[in-house]
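I opened my notebook beside the model today and looked up a few things.

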Amino acid sequence: MSEPDTRRPFAVTSRYGGERKVVGERMIQLFFGGNAFVAVLILGLIMIFLAREGLGFFQLNRANLEVYRKAGLEFVEPLRLQENQHNQLVRRMFDLRVESARALGRNTELDREAINARLRPLDDFILAFEDAAEPLIHASMNLSDLAAEIKMAAIEWEETEEYRGGLKPDFDYETARESLVAFLGTQERLNEMVAANLRRVVNQGNQLEWANTALARAFAELRNEALAFATDLPGAYHEMSTWDPNEPVPTWKAWSVFLTGSQWLTASFWQDWYGVLPLLTGSLLVSFIALAFAVPLGIGAAVYVNQIATRREQNLIKPAIEFIAAIPSVVLGFFGIIVLGELLRQFSEIGWMSWWPGFPVAERLNALTAGIMLALVAVPTIFTLAEDALQNVPKTYREASLALGATRMQTVWKVILPAAMSGIVSAVLLGFGRVVGETMIVLLCAGNRIAIPDFTRGLEVFTQPVHTMTGIIAQQMGEVVEGGIHYRALFMVGLLLFVLTLTINYLAQRAVRRLRLPTI
Amino acid sequence: MATPAEQFRRQSTAIQRREKVIVFFLRASAWIILLAGATVLGTIAWKGAGTLLQPNFPFINITFLAEAPQTLHVFELDGETVEMSDQDFREFRAKLAEEAAASGESAIVPDSTSYVYAAGGIFPNIVGTLLLVAGSMSIALGLGIATAIYLSEYARQGSTVRFIRLAILNLAGVPSVVFGLFGFGMFVLFFGWNVSLIAGWFTLAFMVLPVVITASEEALRAVPQGFREGALALGATRWQTIRRAVIPHALPGILTSSILGIARVAGETAPIMFTAAFIMRDKLPWEVDRWFDFFFQGVMALPYHIYVVSSKIPQNEYSARVQFGTALVFVLLVAVIASASLFLRHRIRARQRW
């Protein structure tokens with residue numbers, strides 16, 4: 001009896017190696033497939049990890065806002081706002097005093113002592129204005145301390161082992177808040193008193209003498225604001241008396257505070273805010289400046305190299321710009337902080353440049369410094385891709401246009417550029433993507449002040465220091481606690497950045513498809 | 001009065017004049033870019049040369065390239081300003097104390113001003129950067145090229161593969177700081193590797209992986225289909241075809257892209273800031289007690305050093321010296337890598353003909 005034929009009837013066999021070889025082929029394919037699987041898995045995991053760490057932020061932020069409400073920090077906020085307004089009024093009065101002293105020094109031949117003597121009534125006025133709001137400020141500070149204490153106590157309570165084990169009841173906010181809410185009883189009387197005091201002081205101010213009419217006018221304006229402030233005092237009472245500590249914080253609030261919050265404040269004794277708006281506007285402002293430089297330069301250079309330049313110029317310019325792309329960003333940032341920042345400051349201090357808004361610059365490192373250096377990052381990307389796009393325009397277009405008698409520039413303007421528009425738009429978008437994601441340059445050169453740039457000041461906004469999304473991650477990542485709200489907030493910024501660059505990439509690809517020429 | 005010759009002279013029309021102005025602006029934009037690049041590199045080269053070069057033999061400042069960063073002490077001695085590195089200064093002080101003890105007097109130690117990082121060199125930084133590049137590129141190239149081969153040669157070209165390809169292409173545009181964030185959260189904290197070489201390797205490798213995959217696949221797909229068909233028709237197996245008929249032709253393209261990847265990995269700062277880089281470390285990477293400690297140690301790196309000396313320490317003439325010197329060495333390193341890749345690509349383009 002013969003052995004049954006175990007070979008599969010149609011198995012591929014060969015004289016050298018037979019089935020072993022087929023198995024070997026399979027193993028090789030498996031190896032490559034496994035590698036591809038691992039790579040794709042890793043790249044997918046990156047996204048999942050980012051999303052997991054980032055989205056956890058909202059739960060924590062909601063808890064954060066809940067404590068803010070329950071501990072009464074929100075309750076005290078209107079008072080703190082008033083304290084702040086009063087402080088600002090006082091500061092502006094001091095500014096006026098400084099200016100008066102300067103005006104007196106310029107116009108008269110008085111020495112310092114005499115000027116001080118002349119300004120004594122003003123000093124007294126400012127002092128009286130400060131003192132008039134004393135009870136209000138006192139109350140605001142006391143209540144702030146109280147609320148902060150409640151918050152600390154609540155956090156400590158919730159961190160104890162017993163509470164986590166379910167052995168201790170929830171923190172009793174109600175009792176803790178009692179002394180805080182009790183303030184409402186005395187507030188109306190306090191408001192009346194402070195308002196009367198303020199009015200009295202402000203009305204006395206009309207006897208002051210001023211060095212010139214401009215100062216007098218500025219002071220009159222200030223007085224009106226002070227009177228309005230006094231009239232508005234009961235507004236805070238209204239707000240505080242209708243405040244409900246037990247109103248639940250909705251989930252969308254945690255999102256909206258992050259997405260539209262205008263404050264990014266960490267490690268403060270009062271309340272941490274994670275609002276991405278200052279960072280987002282900073283990133284966009286810096287990118288806008290960079291593109292304002294890079295788009296005309298990059299596209300202009302691409303048109304020149306592709307349409308006009310001689311072979312020799314082409315062979316010089318193209319590799320040179322590709323070489324610029326290879327300069328590491330930290331080197332550009334270093335150049336910006338050490339050389340360009342100083343150069344820009346000196347340049348802006350030249351007398352005849354002062355017509356330019358924002359010159360002379362207040363800060364050496366600002367959005368403009370970072371924007372110029374970022375332009376150098378964006379230019380190679382825009383140039384290379386735009387040049388490719390121009391190269392891809394069929395030769396016949398150009399020849400047909402020239403044959404019809406169009407000049408070289410007419411051909412470029414009316415035929416070649418429209419034909420290459422899809423590639424150019426996508427080049428600009430990809431340049432934007434590179435600039436938005438750039439970290440070291442903005443971290444070093446942008447000035448890192450976390451505030452929404454003051455757009456009311458017109459073009460001056462370009463010379464203000466800003467902070468960016470990439471910058472904040474690089475700056476604060478080293479100082480966070482794993483899994484904490486700050487850690488997750490930074491991941492959320494990273495996630496936002498991720499989504500933003502993906503969107504830009506997607507738009508760039510769409511632009512290529514949408515604006516593509518019909519094939520002939 | 002016009003001479004007859006002038007009547008036939010070409011008159012420039014308004015259109016031609018406008019044309020000239022436009023061409024002038026286009027040309028200017030090209031040269032402004034080059035000028036800006038040259039200014040940056042020129043400044044760094046000019047000022048960095050003061051640190052890197054020296055007027056007498058061997059003309060290159062060996063100390064700067066071969067020593068670790070040290071604190072610089074500057075003090076007045078006999079009416080002259082003396083600069084000493086921390087190590088020298090300590091020996092000098094010990095010698096003074098010895099002499100004083102011998103003569104029975106109390107030692108007079110000169111008051112010195114100290115400047116951090118301004119003395120010594122950047123040897124550990126160079127080593128650290130090279131280690132980071134070598135490790136991360138090994139991971140990225142191994143994984144990336146294998147993935148590219150699978151995607152372009154083995155996988156069925158369906159919608160799944162198209163989607164994966166698109167996802168990878170898009171990931172190549174994600175900012176490096178996001179990868180840094182991921183590396184920090186995943187490797188440093190979640191895996192507990194702390195700030196270490198291995199965490200930096202994986203972070204950088206994953207950052208550059210999409211670039212390597214995309215570029216390698218492009219090189220593979222540029223090989224004409226006929227090559228594969230010819231080999232298969234001759235009875236070669238799939239793997240034989242790939243090894244003998246595809247990879248040799250795609251290899252130059254793959255190499256070029258991988259060298260560009262090296263330049264990118266060497267130049268990035270954000271991903272290593274909180275995964276692998278130390279501001280200061282006394283020991284060199286190979287001075288470890290147990291062999292596996294090698295992977296779990298932080299290193300000093302050139303880009304991070306530039307960041308630290310240009311923003312974290314007070315600025316003065318002594319810090320400027322180390323700043324520009326480090327920047328020049330770093331730029332030279334990246335330039336060598338980048339120009340190697342440009343040269344290689346040029347050679348390949350000239351040789352490729354099918």
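**Entry 1: a covered helix in chain B**

I listed the buried residues of H12(B) and found B:Leu302, B:Pro303, B:Tyr304, B:His305, B:Ile306, B:Tyr307, B:Val308, B:Val309 and B:Ser310. Buried here means that 20 or more other C-beta atoms, placed from the backbone, lie within 10 Å of the residue's own. Helix H12 of chain B spans residues 302–311 and is mostly covered, with nine of its 10 residues buried. Helices are DSSP runs of H or I with at least four residues, strands are runs of E with at least two, and both are numbered from the N terminus.

A note to myself on the source: this is a predicted model, where local features need pLDDT of at least 70 and side-chain atom pairs count only at pLDDT 80 or more, while totals for chains, interfaces and linings use all residues. Residues are numbered from 1 along each chain as its sequence is written, and chains are lettered from A and ligands numbered from 1 in the order in which they are written.

**Entry 2: the sheet in chain B**

I traced an open sheet of three strands in chain B, in the order S2-S1-S3 with antiparallel pairing. Strands pair if DSSP finds at least two bridges between them. Strand S2 (80–85) and strand S3 (112–120) of chain B stand at the edges with a single partner strand each, so one side of each has no neighbour in the sheet. Strand S1 (residues 69–77) of chain B joins S2(B) over six antiparallel bridges. I noted one bridge by name: B:Leu77 is partnered by B:Glu80 in S2(B). Next I found helix H4 (residues 86–103) of chain B packing on the sheet, where H4 touches S1, S2 and S3 of chain B and its direction makes about 110 degrees with that of S2(B). Angles run from 0 to 180 degrees between N-to-C directions, with axes fitted to C-alpha atoms, for helices over the stretch in contact. Contact means C-beta atoms, placed from the backbone, within 7 Å.

**Entry 3: two helices in chain A**

I then turned to helix H13 (residues 329–348) and helix H14 (residues 367–391) of chain A, which pack at about 140 degrees with axes 9 Å apart. H13(A) and H14(A) are therefore oblique to each other, as angles under 35 degrees count as roughly parallel, over 145 as roughly antiparallel, 65 to 115 as roughly perpendicular and the rest as oblique.

**Entry 4: where the chains meet**

Last, I checked the contact between the chains, which takes 68 residues from chain A and 67 residues from chain B. On the chain A side, helix H1 (residues 19–70) gives the largest share, 17 residues.

Conventions. Contact = placed C-beta atoms within 7 Å. Buried ≥ 20, exposed ≤ 12 C-beta atoms within 10 Å, placed from the backbone.
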